[in-house]
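Okay, thanks for coming, everyone. Let me put the model up on the screen, and then we'll walk through it together.

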Amino acid sequence: MEEIVVLVTVSSEGEASSLARILVENGLAACVNIIPGVRSIFKWDGKISEEQEFLLLAKTGRQSFDQLVSMVKANHSYTVPEIIALPIQLGSEEYLAWIRDTTKSRVGIAED
C-alpha cells in the first residue's frame with residue numbers, strides 16, 4: 001500500500017470536525033489533522049473570492065482514496081470540494097505501518 005496525505009478544505013470548524021470523524025470512524029483515514037485559519041483566494045463562477053477555511057490533512061493509503069473521495073463528496077458543503085492527494089515519500093516505518101494497519105480493513109470493501 002502506498003501511503004498518502006489527502007488535503008481537503010472546508011468552510012467551518014463544525015464541518016471540519018464532522019468530516020474528520022466520518023473519515024476516521026469509517027477506516028478511510030488513520031488520522032486527520034484540522035488546521036484552522038486558512039485563507040484561500042480562488043476563482044469561482046468567474047469571480048475572485050477570498051474565504052477563511054479549515055484544512056484537513058488525512059493520512060491514508062492510496063487504495064482507500066476512491067472511497068475517501070466518495071465519502072467527502074457525500075458529506076461536504078461545497079459543490080466542488082478540494083480533494084488532493086500527495087504521496088508520502090518518507091516516514092518512520094512504525095508510523096507508516098500504523099497508517100496501513102488502521103486503513104487496510106476498508107480496502108476492497110464496497111461502499112455502503
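So, to start us off: how many aromatic pairs does the structure hold? The count is 1 aromatic pair, where rings of Phe, Tyr and Trp (its six-membered ring) pair if their centres lie within 6.5 Å, and planes under 30 degrees apart are stacked, over 60 edge-to-face, and the rest tilted. The rings are those of Tyr95 and Trp98, with centres 5.4 Å apart and planes at 45°, so this one goes down as tilted.

Quick housekeeping before I go on. This is a predicted model, so local features need pLDDT of at least 70 and side-chain atom pairs count only at pLDDT 80 or more, while totals for chains, interfaces and linings use all residues. Residues are numbered from 1 along each chain as its sequence is written, and side-chain values use heavy atoms, with hydrogens and water left out.

Tyr95 and Trp98 both sit in helix α3, 3 residues apart, about one turn of the helix (helices are DSSP runs of H or I, at least four residues, strands are runs of E, at least two, and both are numbered from the N terminus). Tyr95 is partly exposed at 34% relative accessibility, and Trp98 is partly exposed at 36%. For those labels, buried is under 20% relative accessible area, exposed is over 50%, and partly exposed is in between, with a 1.4 Å probe and protein chains only.

Staying with α3, which residues are buried there? Leu96, Ile99 and Thr103 are. They cover an arc of only 55° around the axis, which puts them on the same side of α3; that arc is taken from the directions from the helix axis to the C-beta atoms. On the other side of α3, Glu94 and Asp101 are exposed.

Next, salt bridges, meaning a side-chain nitrogen of Lys or Arg within 4 Å of a carboxyl oxygen of Asp or Glu. There are 3 of them by that rule. Arg100 and Glu3 make one, at 2.9 Å from N to O. Arg100 is in helix α3 (residues 93-103) and Glu3 in strand β1 (residues 3-10), so the pair ties together parts that are 97 residues apart in sequence. Glu3 is buried at 9% relative accessibility, whereas Arg100 is partly exposed at 23%.

Arg100 also forms a salt bridge with Glu93, and there the closest N and O atoms are 2.3 Å apart. Glu93 is partly exposed, at 47%. Through shared partners, Glu3, Glu93 and Arg100 are joined into one network.

Then there's Arg39 with Glu50, at 2.5 Å, N to O. Here Arg39 is in strand β2 and Glu50 in strand β3, 11 residues apart. Arg39 is exposed at 55%, and Glu50 is partly exposed at 46%.

Last stop, the largest pocket. A pocket, on a 1 Å grid over the protein atoms alone, is an open set of points where a 1.4 Å probe fits, with protein on both sides within 12 Å along at least five of seven lines; lining residues have an atom within 4 Å of a point. What's its volume? About 330 Å³, counted as the space filled by probe spheres set on the points, which are joined across faces, edges and corners. The largest pocket is lined by 14 residues, and Phe42, Trp44, Glu53, Tyr78 and Val80 lie nearest its centre. The elements giving two or more residues to that lining are β2 (31-44) and β3 (47-61).
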